[in-house]
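Visitor: I am new to this structure and would like to learn how to read it, feature by feature. Could we look at it together?

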Amino acid sequence: MKANLCGKRVKLARVERDMKQVELAAALSVDHDIEITQKGISNIEIGVRRVTDIELAALAKTLDVSAVWLLYGDKKEK
């Protein structure tokens, strides 16, 4: 079983916003005081790094999607 469910959708939402991994990492740091490196973002996107509940909420807010969408991909929740 993979370490997280949201990695592919994190990448999808990030790319849709024309955002680089390092830019997402910086936004999380500045806006939410969450320190994830560019490599950490990469590891989330490929499914090898776990995402905490706090990180999930911050990723959803930063990427302007719902946490439910990040977890399950329900198009209605995006």
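Guide: Let us begin with the surface: the protein chain exposes about 4,900 Å², and carbon and sulfur atoms supply 54% of it; such areas come from the Shrake-Rupley method with a 1.4 Å probe, and for residues only the protein chains shown count as cover. Please keep in mind that this is a predicted model, in which local features need pLDDT of at least 70 and side-chain atom pairs count only at pLDDT 80 or more, while totals for chains, interfaces and linings use all residues. Residues are numbered from 1 along each chain as its sequence is written, and side-chain values use heavy atoms, with hydrogens and water left out.

Visitor: How many helices and strands does the protein chain have?

Guide: Helices (H or I, at least four residues) and strands (E, at least two) are DSSP runs, numbered from the N terminus. Here the protein chain has five helices and zero strands, and along the sequence the pattern reads α-α-α-α-α. The radius of gyration is 11 Å, close to the 12 Å that the globule rule gives for 78 residues, so the protein chain is as compact as a globular protein of that length; the radius is taken over C-alpha atoms, and the rule is 2.2 Å times the number of residues to the power 0.38.

Visitor: What share of the residues is buried?

Guide: A residue is called buried under 20% relative accessible area, exposed over 50%, and partly exposed in between (1.4 Å probe, protein chains only). Buried residues make up 41% of the 78 residues in the protein chain.

Visitor: Which residues touch the most other members of the largest nonpolar core?

Guide: A nonpolar core is a set of buried Ala, Val, Leu, Ile, Met, Phe, Trp, Tyr and Cys residues joined through side-chain atoms within 4.5 Å. In the largest one, which has 19 residues, V10, L24, L28, L63 and L70 touch the most other members. Two or more residues each come from helix 1 (7-16), helix 2 (21-32), helix 3, helix 4 and helix 5 (67-72), and helix 4 gives the most, with five residues.

Visitor: What does L63 touch, leaving aside residues up to four places away in sequence?

Guide: Contact means heavy atoms within 4.5 Å, and by that criterion L63 touches V10, A13, R14, R17, M19 and L24, once those residues up to four places away are set aside. For the protein chain as a whole, among contacts between residues at least 6 apart in sequence, 56% join residues at least 24 apart.

Visitor: Is E55 buried or exposed?

Guide: E55, which lies in helix 4, is buried, with a relative accessible area of 10%. Not counting residues up to four places away in sequence, E55 touches I34, I36, R49 and R50.

Visitor: Where is the place of T52?

Guide: T52 sits in the loop between helix 3 (38-45) and helix 4 (53-63), and is partly exposed, with a relative accessible area of 40%. T52 and N4 are 48 residues apart in sequence and 9.6 Å apart in space, C-alpha to C-alpha.
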